[in-house]
Amino acid sequence: KEQYRVSLVREEEVVRELMAINSLALLGHQIAQGKLCQVEFNDTGIVAIEGMRNPLSSEAHTANPAHFTPENPVSILSGPNTSGKTFYEKSFALNLAMAMATGYTCADSATMPIFDRIIYLDRVPAESERNLSAFGTEIDYWKKCLEELEGGQRAVICIDEGFSSTSPRYQAA
């Protein structure tokens, strides 16, 4: 029994190592094909991404830029339904996470600081165990996101469908 358990642990370790090697090979292949660019990390707080694409999408779509500076750190996206706002936000968050994990991202060029946190907040679910309305629950989530900005740490927060817990009448307001 003991020999078998040791052998099984070793097999799991080998499988984990092979998966890591496969991931590195795939990353190298994507870099060689020009699908990824090396990120230039900076201390200025500037985020400048040109030709950003979604790293998880194999479909052709419009490449977009993303620009943020310490003087202009907020951007609000608006547009009609199905115009690509959510796709853009998810692409942005995924590219930042990928850059932080590998030093490469799915864009033509990219410079950015190293972030302490990357947060993506999608439609807030109503929590039945709480004594708050759906809107109250959403405000709680927003407060938690804003708390992440305290303490001088660098954080990116993408909020999709903000205030979607309210009625359409109040959303417009």
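Two strands pair if DSSP finds at least two bridges between them. Strands (E, at least two residues) and helices (H or I, at least four) are DSSP runs, numbered from the N terminus. By that rule, R117 stands opposite A155 in β8. The model is predicted: local features need pLDDT of at least 70, side-chain atom pairs count only at pLDDT 80 or more, and totals for chains, interfaces and linings use all residues. Residues are numbered from 1 along each chain as its sequence is written, and side-chain values use heavy atoms, with hydrogens and water left out.

**Confidence**

- pLDDT is the predictor's confidence in each residue, from 0 to 100.
- The protein averages a pLDDT of 81, and 87% of the residues score at least 70.
- Among the elements of the protein, strand β2 (residues 40–41) has the highest mean pLDDT, at 97. Helix α4 (residues 168–172) has the lowest, at 61.

**Strand pairing**

- An open sheet is formed by four strands in the order β2-β6-β3-β4, with mixed pairing.
- The edges are β2 and β4 (64–68); each has a single partner strand, so one side of each lacks a neighbour in the sheet.
- Strand β3 (residues 47–52) and β4 run antiparallel, joined by four bridges. Within this pair, M52 stands opposite N64 in β4.
- Strand β7 (residues 117–121) pairs with β8 in the parallel sense, over five bridges.
- Side chains alternate along strand β8 (residues 155–159). V156 and C158 point to one face and are buried.
- Buried means under 20% relative accessible area, exposed means over 50%, and partly exposed lies in between (1.4 Å probe, protein chains only).

**Salt bridges**

- A salt bridge is a side-chain nitrogen of Lys or Arg within 4 Å of a carboxyl oxygen of Asp or Glu. The count by this rule is two.
- D108 and R53 meet through their side chains in a salt bridge, at 3.1 Å from N to O. This pair links distant parts of the chain, 55 residues apart. D108 sits in the loop between β5 (104–105) and β6 (109–112), and R53 in the loop between β3 and β4.
- D108 counts as exposed because its relative accessibility is 55%.
- D140 forms a salt bridge with K143, and the closest N and O atoms are 3.9 Å apart. Both residues lie in helix α3 (residues 134–147), three residues apart, about one turn of the helix.
- D140 counts as buried at 14% relative accessibility, while K143 counts as partly exposed at 45%.

**Cysteines**

- A disulfide is a pair of cysteine sulfur atoms within 2.5 Å. The structure holds zero disulfides.
- The closest cysteine sulfur to that of C37 is in C106, 8.5 Å away, so the two are too far apart for a bond.
- C37 is buried, at 9% relative accessibility. C106 is also buried, with a relative accessible area of 9%.

**Surface patch**

- Patches are made of residues with over 30% relative accessible area and no salt bridge; like charges are joined within 9 Å, and nonpolar side chains (Val, Leu, Ile, Met, Phe, Trp, Tyr) within 5 Å.
- Accessible areas come from the Shrake-Rupley method with a 1.4 Å probe; for residues, only the protein chains shown count as cover.
- V14, L18 and I21 form a nonpolar surface patch, with about 290 Å² of accessible area together.
- I21 lies in helix α1 (residues 2–32). I21 counts as exposed, at 52% relative accessibility.
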